[in-house]
Amino acid sequence: MSDYLNTITGAVQKGNEKLVVQTVAKALGAGIAPQEILNKGLISGIQAVGQLFKDGEAYLPEVMISTRATKSGIEKLKPHLAGVDIPKKGTVVIGSVKGDMHDIGKNLVRLMLESNGFEVHDLGVDVSADSFIRAAQEANAEIVALSALLTTTMVYIPDVAKALEQAGLRSKVKIMIGGAPITRQFADEVGVEGYGEDCASAVDEADRLVELTRRR
Amino acid sequence: MPLSHRERVIRALRHQEPDRVPLDLGSTYNSGINVIAYQKLKAYFGIEAEDTILHKWQRVVVVHEPILQALDIDFRGVFPGGPDSKPDIPVGEDGYQDEFGVVRRKPPGVPYYDLVKSPLTGPITVRDIVNFPWPDPHDPGYTRGVRDKLLDLKENTDYAITLRIPGAFVHTSQFLRGFEDWFIDLAADEKLAAALFDATLEHSSAVAEEILKVGGDLIDVVHWGEDLGMQNGPIVSPELFRRLFKPRLKKYFDTVKKHTSAFIHFHCCGSIYKLLDDLIELGVDVIHPVQVAAKNMDSSILGPEFGGRLSFWGGVDTQRVLPSGTTEEVKAEVRRRIEDFAPGGGYILGAVHNIQPGVPVENIIAMYETGKEYGQYPIV
């Protein structure tokens, strides 16, 4: 049994999409619980990749094919997870703020969050505060994740926070931010709860923020 | 007798100590100043003349002569144009399409044009690459006016002369393919990535040859850019770099060296410490911008380890010091970089990359004034 799970973890780390999907199917056929396959096969694999990336031993090409392989594995699992009561970790609305067209980092964060059990609604790039609010309301999101690559667009982040406050959502929703010019210090200065230095750290941060929401 | 600007630069790049550390502003696409930041610099010097955009999507401007002279900048650059047959085409209200079919947009309030559409993105095959409508490398637009401008600089000034040629393949292939597909190809379809690199290299080499044929004999520095680093490391593993990128870069370096004996200025952003020995092997004479805030790129590491084998161009931190530091911090930063890089020659001082909006003009002035004063040899 654990052979299948180990194979999946290894295949995720190698970014071998085909092997991931094949082995997920075999594991399901062998009667392994979908939740086990998700956590001990797929998520365990992508977390290992995330750590290697943080340590400077894996690079963007590896991270990207690994997240792609994980996503395909999750797609294969989805029909089998549907009937089962899997508590998803949380719901995130993500986007690059108004004026910002950059999305690679944001897309990586989305993929990593999805691979690690979050439901993610991606609004794309150049996203207005109103769009963030609408999406957060519709999805009942715990987290709004904002990406900004430019010092000129990061100044829009407080605007989104203010808009969430005006919409009466600020107490329900945690905000996390990331991007090249973003720092923990900036996050503190503008009064947002979360900051992720890279796509792997973003997952840790999202976990922490959801925990904060639940504690209330 | 004091050195001419050109002599000063040549000595420095030969790893000899000139009279002072040479200074650059604006002689390359990535050592200049953004149009928004430039307004304050113009005001400081009382210049009211109109701006000329030098680099379209970075929005970098030509610096007016009085300013270059006031700061005693040692370089002047020549920048070839684009192909006549494929001029830029406006797209929507705030965008344009370039000669490769790449589309960029500049939303209101944002200082640059950013990539929004890549013509070779998505599920493509090698055939799509082979059939791609490259601009004709022999298009007269690429070389028009280049020799005349170089001759004028050579015969009528004593500045060190720089000439821009296209990047070999990294950026153009990224813009054509889109960044995500480009990275995924490297891990999942190396054949496709290699085919795109080769096709791009074929085009850029042909254009570079045309440009160098008209100007290679007149210049002191030839430059182009391939960004290989991020904040914390190279964008790809050193193993992949050596397997896929290095042999192709070698071809480009060999082409360049066939047509000019100028010093090779290689622009490469980010943390590239792990690749520096490879770049030296390829024939890089001087590395730019030396992103000192990136991992393992501090001058205290690079100076001792690579000084004498590699020259450094840039080095004054733009991620924190220039935009947010006090004038005193800028002066201290300049002194530190000079201490680390300048002994033995091999250092050209400037900001790490283009000066951005938000950099106080006092900091720009402090950088160049301190650079000139503290850069007098011998470095104490």
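Me: How many residues of strand β1 (residues 90–96) of chain A are buried?

Reply: A residue is called buried when its relative accessible area is under 20%, exposed when it is over 50%, and partly exposed in between, with a 1.4 Å probe and protein chains only. Helices (H or I, at least four residues) and strands (E, at least two) are DSSP runs, numbered from the N terminus. By these rules β1(A) is mostly covered, with seven of its seven residues buried. This is a predicted model, in which local features need pLDDT of at least 70 and side-chain atom pairs count only at pLDDT 80 or more, while totals for chains, interfaces and linings use all residues. Residues are numbered from 1 along each chain as its sequence is written, chains are lettered from A and ligands numbered from 1 in the order in which they are written, and side-chain values use heavy atoms, with hydrogens and water left out.

Me: Which residues of β1(A) lie on one side and which on the other?

Reply: In a regular strand the side chains alternate between the two faces of the sheet. Here G90(A), V92(A), I94(A) and S96(A) are on one side, T91(A), V93(A) and G95(A) are on the other, and all of them are buried, which leaves both faces of β1(A) covered.

Me: Which strands does β1(A) join?

Reply: Two strands pair if DSSP finds at least two bridges between them. Five bridges join β1(A) to strand β2 (residues 118–122) of chain A, and the two run parallel; within that pairing, V92(A) has V120(A) as its bridge partner. On the way from β1(A) to β2(A) the chain passes through α5(A), in a β-α-β crossover that is right-handed, a word used when, with the strands pointing away from the viewer, the path from the first strand over the helix to the second runs clockwise. Strand β3 (residues 143–147) of chain A is also joined to β1(A) by five bridges and runs parallel to it, with G95(A) standing opposite L146(A).

Me: How is strand β12 (residues 311–316) of chain B placed, buried or exposed?

Reply: Strand β12(B) is mostly covered, since six of its six residues are buried. Two bridges link it in parallel to strand β11 (residues 286–288) of chain B, where V286(B) is paired with S311(B). Between β11(B) and β12(B) the chain crosses through helix α11 (residues 299–306) of chain B, and this β-α-β crossover is right-handed. Strand β13 (residues 347–351) of chain B is joined to β12(B) by five bridges, again in parallel, and L349(B) is the bridge partner of G314(B).

Me: What is the area buried between chain A and chain B?

Reply: The size of an interface is often given as the accessible area lost when the parts come together. Buried area is the accessible area (1.4 Å probe) that two parts lose on being put together, summed over both. Between chain A and chain B this comes to about 1,800 Å², of which carbon and sulfur atoms give 70%. Y59(A), P61(A) and M101(A) supply 33% of the area that chain A buries against chain B, more than any other three residues. Counting contact as heavy atoms within 4.5 Å, the interface takes 19 residues from chain A and 23 residues from chain B.

Me: Which residues form the salt bridge between the chains?

Reply: A salt bridge is a side-chain nitrogen of Lys or Arg within 4 Å of a carboxyl oxygen of Asp or Glu. The count between chain A and chain B is one, formed by D126(A) with R105(B), whose closest N and O atoms are 3.5 Å apart.

Me: Where are the cis peptide bonds in chain B, and what are their omega values?

Reply: One joins H288(B) and P289(B), with omega about 0 degrees, and P289(B) is placed in the loop between β11 and α11 of chain B. Another joins Y377(B) and P378(B), with omega about -5 degrees, and P378(B) belongs to the segment after α14 (361–374) of chain B.

Me: Why does N34(B) count as buried?

Reply: N34(B) counts as buried because its relative accessibility is 1%. N34(B) sits in the loop between α1 (5–13) and α2 (35–45) of chain B, and, not counting residues up to four places away in sequence, the residues it touches include Q58(B), Y112(B) and I355(B).
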